[in-house]
Amino acid sequence: MAEKTIFKRIIDGEIPADIVHQDEQCLAFRDISPQAPTHIVVIPRKEIPSLAHVGDDDAALMGHLVVTIRKLAEQLQLDQGYRVIVNCGLYGGQTVDHLHFHLLGGRALSWPPG
Ligand code: AMP
């Protein structure tokens, strides 16, 4: 059996996280290495390794994640705007193999990314 990812261990309560939202489908917590004043990681409870593994039957779940991100951005008062990022696979810079959305805000972010 494959080893649990760090995010699955957070879902299972095996390691602590600074959780800002949780419901039956997802979890949101502060990134341990924040790249902006506000840096939240939003993950589905369902174990989907990456965006490349999202199935046709995951459409409602993906919608829920995006709506949750919008609500979090409001709650966290990211009134000047924010960025949502999904790193996918090796070239995408993904380091944790559990689908996650980064929500970054609280400062002006540059473009293009590295
Ligand atoms: P990515 O590089 O897109 O796979 O993003 C993984 C993110 O997870 C990075 O921004 C890490 O800082 C973050 N991270 C790793 N371990 C933890 C943890 N235990 N709690 C919160 N965030 C974490």
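**Architecture and packing of the predicted chain**

Leu61 touches Gln25, Pro44, Lys46 and Ile48, when residues up to four places away in sequence are not counted; contact here means heavy atoms within 4.5 Å. The structure is a predicted model, in which local features need pLDDT of at least 70, side-chain atom pairs count only at pLDDT 80 or more, and totals for chains, interfaces and linings use all residues. Residues are numbered from 1 along each chain as its sequence is written, and side-chain values use heavy atoms, with hydrogens and water left out. Leu61 is found in helix α2 and, at 9% relative accessibility, counts as buried. The term buried denotes under 20% relative accessible area, exposed over 50%, and partly exposed the range in between (1.4 Å probe, protein chains only). Leu61 and Gln25 are 36 residues apart along the chain, and their C-alpha atoms are separated by 7.3 Å.

The chain contains three helices and five strands, which follow the pattern α-β-β-β-α-β-α-β when read along the sequence. Helices (H or I, at least four residues) and strands (E, at least two) are DSSP runs, numbered from the N terminus. The radius of gyration of the chain is 14 Å, close to the 13 Å that the globule rule gives for 114 residues, so the chain is as compact as a globular protein of that length. This radius is taken over C-alpha atoms, and the globule rule is 2.2 Å times the number of residues to the power 0.38. Along the principal axes, the C-alpha atoms fill a box of roughly 45 × 30 × 30 Å. Of the 114 residues, 36% are buried. Among contacts with a separation of 6 or more, 52% are between residues 24 or more positions apart.

Helix α2 (59-75) has 17 residues, which at 1.5 Å a residue should span 24 Å; its end C-alpha atoms are 24 Å apart, in agreement with that value. The expected span is 1.5 Å times one less than the number of residues. Buried positions in α2 are Leu61, Met62, Leu65, Thr68, Ile69, Leu72 and Ala73. They cover an arc of only 140° around the axis, which puts them on the same side of α2; the arc is that of the directions from the helix axis to the C-beta atoms. An α-helix has 3.6 residues a turn, so residues three or four places apart point the same way. On the other side of α2, Ala59 and Ala60 are exposed. The cover over the buried residues of α2 includes β1 (19-22), β2, β3, β4 (82-85) and β5.

The strand β3 is mostly covered, as seven of its seven residues are buried. From β3, Thr38, Ile40, Val42 and Pro44 point one way, while His39, Val41 and Ile43 point the other way. In a regular strand the side chains alternate between the two faces of the sheet. Strand β3 pairs with β2 in the antiparallel sense over five bridges, and Ala28 stands opposite Val42 in this part of the structure. The pairing of β3 with β5 is likewise antiparallel, over five bridges, with His39 opposite Leu104 in β5. Two strands are said to pair if DSSP finds at least two bridges between them.

The largest nonpolar core has 15 residues, of which Ile40, Val42, Met62, Leu65, Leu72, Phe101 and Leu103 touch the most other members. Such a core is a set of buried Ala, Val, Leu, Ile, Met, Phe, Trp, Tyr and Cys residues joined through side-chain atoms within 4.5 Å. At least two residues of this core come from each of β2 (26-30), β3 (38-44), α2 and β5 (101-105), and α2 gives the most, with six residues. Leu103 touches residues including His39, Ile40, Ile69, Leu72, Tyr82 and Val84, not counting those up to four places away in sequence. A second, separate core of eight residues includes Phe7, Ile10, Ile11 and Ile43.

Gln77, in the loop between α2 and β4, has a positive phi near 60° although it is a residue other than glycine. At 61% relative accessibility, Gln77 counts as exposed. A cis peptide bond, with omega of about 5°, joins Trp111 and Pro112; Pro112 is found in the segment after β5. Most residues other than glycine have a negative phi, and most peptide bonds are trans. Gly55 lies in the loop between β3 and α2 and is partly exposed, with a relative accessible area of 25%. Gly55 and Pro37 are 18 residues apart in sequence and 33 Å apart in space, C-alpha to C-alpha.
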